[in-house]
Amino acid sequence: MQVVRKDPGKPPAITQVKNTLEALQQAVDGPIETVTLARDAVIICNEEGRLMGLPHNCRFLGIDFVGTILVVGADGDEFSGLSETDAKTVVRWFGGA
């Protein structure tokens, strides 16, 4: 599925990630936690990132995120890919080109 990945110290990038728990956990280096952005979009981050001492990534919507984060679509309780337009919008939100 198409997502926006933001690694600490790097600009956001549109990329592909398998829509499986294992792939999402691998992408954020541990158990996942979600933060709702909108009815149809969430941020996926590492639930234990602060305890693990992961590096600061960014501050967004008043929340400080550590480690790698993914922005993905949401369809009810399921994750989904972002459209090309939505992915480009998210990249701009995080200061990317």
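Let me start with Cys-45. Cys-45 counts as buried, at 7% relative accessibility. On that scale, buried means under 20% relative accessible area, exposed means over 50%, and partly exposed is what lies in between, with a 1.4 Å probe and protein chains only.

A word on the source. This is a predicted model, in which local features need pLDDT of at least 70 and side-chain atom pairs count only at pLDDT 80 or more, while totals for chains, interfaces and linings use all residues. Residues are numbered from 1 along each chain as its sequence is written, and side-chain values use heavy atoms, with hydrogens and water left out.

Back to the cysteines. How many disulfides are there? The count is 0, where a disulfide is a pair of cysteine sulfur atoms within 2.5 Å.

Next, the hairpin. Strands here are DSSP runs of E with at least two residues, helices are runs of H or I with at least four, and both are numbered from the N terminus. Strand S5 covers residues 56-60, strand S6 covers 63-66, and the two run antiparallel, joined by 4 bridges. Pairing requires that DSSP finds at least two bridges between two strands. Which residue of S6 stands opposite His-56? That is Val-66. There are 2 residues between the strands of this hairpin, and Leu-61 takes a positive phi near 55°.

Now the charges. The model has 2 salt bridges, meaning a side-chain nitrogen of Lys or Arg within 4 Å of a carboxyl oxygen of Asp or Glu. One links Arg-59 to Asp-64, with the closest N and O atoms 2.9 Å apart. Arg-59 is exposed at 55% relative accessible area. Asp-64 is partly exposed at 30%. The other links Arg-5 to Asp-7, with the closest N and O atoms 3.1 Å apart. Arg-5 is partly exposed at 27%. Asp-7, at 18%, counts as buried.

Aromatics, quickly. The structure holds 2 aromatic pairs. Rings of Phe, Tyr and Trp (its six-membered ring) pair if their centres lie within 6.5 Å; planes under 30 degrees apart are stacked, over 60 edge-to-face, the rest tilted. Phe-60, Trp-93 and Phe-94 form one cluster.

Gln-16 sits in strand S2. Buried or exposed? Gln-16 is exposed, at 53%. Leaving out residues up to four places away in sequence, Gln-16 touches Met-1 and Gln-2; contact means heavy atoms within 4.5 Å.

Where is Lys-18? Lys-18 lies in the loop between strand S2 (13-16) and helix H1 (21-28). Lys-18 is exposed as well, at 65%. Beyond its neighbours within four places in sequence, Lys-18 contacts Ala-23 and Leu-24. Ser-80 is 62 residues from Lys-18 along the chain, with 10.0 Å between their C-alpha atoms.

That is my tour. Over to you.
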